[in-house]
Amino acid sequence: MDDTRTDLETIAKTDVFKVAQNPNSFVGNPFKIDYDKTSILTCDDWKHKVGGISQGCFLLAFYENDFGGEEELSEILLLRALRPCPIPSDNSVISSRIEYFKEELKTAGNHRQIDPFTRFEFSCSGLECSILGTFYKNKQGGIEFGADVENFYSPHLYKVYKPTGEYLQYIVNIRDVDGPLRPESNFRIGTVRYSSSRKEYTRDAATTNAASNAANNERVYMHTKDILGKRTALFGMTRTGKSNTVKMLIEATEELSKKSATVNGKATVDGKSAATGTTTAADNTTASFEDNLTPYYPNEVPKQAVGQIIFDINGEYANKNLQDGTAIFEKYRDRVTRYSVVEKAGFQVLKINFFVELVAGLELLRGQFKQLGKQSDYVDDFLSVNLEKPEGVEELVSYGRKVAAYKCCLRQAGFPVPGGADKLFFQGQAELNKSIMTDKVLDPKAGITYEEAVNWFTQVWKNYRNWDYLKNYESKNGREWADNDLKALLRFLTKYRNPDERNGINGFIKLKPFSGYHSATATILFENEIEQLVRKGKIVIVDLSQGDPVIQEFFSEKICSAIFASSMARFIEAKPNNYIQFYFEEAHNLFPKKEDRDLSQIYNRIAKEGAKLNLGMIYATQEVSSISSNILKNTQNWFIAHLNNEDEVKELRKFYDFSDFADSLIRFSASNDKGFVRMKTYSNPFVVPIQVELFK
């Protein structure tokens, strides 16, 4: 905190206009300019003095007044170095160079055979730069930044300098927020980094520009409001540092959450009052409506603890791994609850009520059987049963029988029946009801026990080809009494493929291994339990590493939908929503594909409507093109590592000023470039290249 406070105090006091006072920071003069780009003339000596000009490097073009008087400089153009550009003397210089080479004259070194004038001509080159915006002084003398060029003058009226040290740190930490940057609500994400190569031109502090010795030390900070409730994307090839960046964001959010009143019990930050009033209830029920209008205290610390839920596709957040040597769970053991799709020590098992959530339960069974490989045809028939409730009256009769038969299968497989639901109701048939038992007439419409229902369906299936009512039903009605779905269920329940067979099949026994996913308690299911945890500001990690893609999608959508619905309900009831952050690793496995236009999908809804509900989304994947355009268009924060093809770069060009990095994003050094990203945050008006700090 002390380092952060010192840095932010330094940033607040920095006058970027003083860069021009250091002649050793000079790099050249513009010779061409418009609203978007400028071309400057530079030379080797100037570049060497400033420690080189990397692609993507920030530069400052100072306007020198040419309208009389000695007015103070009040305008600077912020530039980004892009690529070399031609200058008028290029052709003659190239011709001269070739002649020197033909004559085998030495053009470099201590004994060069070249005159000073020619040497200078040879060292000159052009540099194309994009214009990112303008620094200017307001009427009060304060420095502000505008993300465009309101006016430009003849290029000979500008001089270009390279900012380093505190001046560069000031530039990369510009925020579109009112007031100073506060140490309680900012966190360090990394340092400025321009290139894959880390060569330093200056060798000691005695050089003409000692500031360049501090290269790579300009720290970059992120703001509370950049992350909480926002959409954040992390793109890049495998092993480029995406997961490390996600863990840094999780860590920063947790540290921020610790400062909130609902965790500490008192509204204090670093021993100082963080709010004008006090509140300790998770719902802020003691606070007034006006107090709840803003989720932040004056120092921009959230009033309520921030909940975080991580959908861990690879298991690296829930389990210690060789890559980091630790995991989020290891670091915040007392704050984390872990869930898994399989039984294992230290994890809660994701469970649903199969008797209540019929469609969801069957979908889960499909995913589990898919992992087991090829199944018998009767199992496939069972898994293909449609349990969606129909609208027609006649269809409802058949649907009621299917549901009852399905529940009987579950009960026979050892799935505990929920309390208070010990009877089944469905439409039977008078003649059949009398034939089931010799000493009793069963009436399913009035309700029968599970044992009686199992007997009812068993007798019907065994006598399906013998009892007159069933045998003659098709000739009278044009269809069989039992449709294909009901037949599949009866086979599973009775363990006979056909009514007249005597060799049994496993049937419902196949379901026994999955009874652990069932919860007979209808009061709180896993999605509701998770919603309550994140509502209290806890961290939940859902380990999906051992689940089939179908199961991964199923649980992810179910949990997201529950949290979204809860947040929407609170919003409608004017109750405050604490910030809840969703993290999606390998997001392409869960998110809708690029061509999917269904805006009702939960991930699209979180992206589009989550901001008003204080729901944040952080997603990581390899390819920009693998994510739905509806999500991309609503993403405010971007972390871009190495992309290995032009197609992905082309997709990225559509957003902000990432086109400035199109060339460098494709180049990659596996040993040097892990964590080297181009970052655009919500409050920062332009992309900043950084080296993300290592999660520890």
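Mentor: Start with the cluster that ring pairs build from Phe235, Phe311, Phe582, Phe584, Phe591, Tyr603, Tyr619, Trp638, Phe655 and Phe658. Rings of Phe, Tyr and Trp (its six-membered ring) pair if their centres lie within 6.5 Å; planes under 30 degrees apart count as stacked, over 60 as edge-to-face and the rest as tilted.

Trainee: What should I know about the model and the numbering?

Mentor: This is a predicted model, where local features need pLDDT of at least 70 and side-chain atom pairs count only at pLDDT 80 or more, while totals for chains, interfaces and linings use all residues. Residues are numbered from 1 along each chain as its sequence is written, and side-chain values use heavy atoms, with hydrogens and water left out.

Trainee: How many aromatic pairs does that rule give?

Mentor: The count is 37 aromatic pairs. Take Phe26 and Tyr161: the ring centres are 5.6 Å apart and the planes stand at 75°, so the pair is edge-to-face.

Trainee: Where do Phe26 and Tyr161 lie?

Mentor: Phe26 is in strand E1 (residues 26-33) and Tyr161 in strand E7 (residues 158-161), so the pair ties together parts that are 135 residues apart in sequence. Helices (H or I, at least four residues) and strands (E, at least two) are DSSP runs, numbered from the N terminus.

Trainee: Is Phe26 buried or exposed?

Mentor: Phe26 counts as buried, at 13% relative accessibility. Tyr161 is buried too, at 8%. The cut-offs are under 20% relative accessible area for buried, over 50% for exposed, and partly exposed in between (1.4 Å probe, protein chains only).

Trainee: And a pair from the cluster?

Mentor: Phe584 and Tyr603 have ring centres 5.5 Å apart and planes at 90°, so that pair is edge-to-face. Phe584 is in strand E19 and Tyr603 in helix H20 (residues 602-609), 19 residues apart. Phe584 is buried at 1% relative accessible area, and Tyr603 is buried at 0%.

Trainee: Changing topic. What is the strand order of the 12-strand sheet?

Mentor: The open sheet runs E9-E8-E23-E22-E21-E10-E20-E19-E13-E18-E14-E15, with mixed pairing. Strand E9 (219-223) and strand E15 (348-349) are at the edges with a single partner strand each, so one side of each has no neighbour in the sheet. Two strands pair if DSSP finds at least two bridges between them.

Trainee: What does E13 pair with, then?

Mentor: E13 runs parallel to strand E19 (residues 580-584), joined by 5 bridges, with Ile310 opposite Tyr583. Its pairing with strand E18 (residues 539-543) is also parallel, over 5 bridges, and there Gln308 stands opposite Ile539.

Trainee: Why is E13 called largely enclosed?

Mentor: 6 of the 6 residues of strand E13 (residues 307-312) are buried, so the rest of the structure largely encloses it. Gly307, Ile309 and Phe311 are buried on one side, and Gln308, Ile310 and Asp312 on the other.

Trainee: Which strands are joined in the antiparallel sense?

Mentor: One example is strand E21 (residues 637-640) with strand E22 (residues 676-680), over 3 bridges. Trp638 has Lys680 as its bridge partner in E22.
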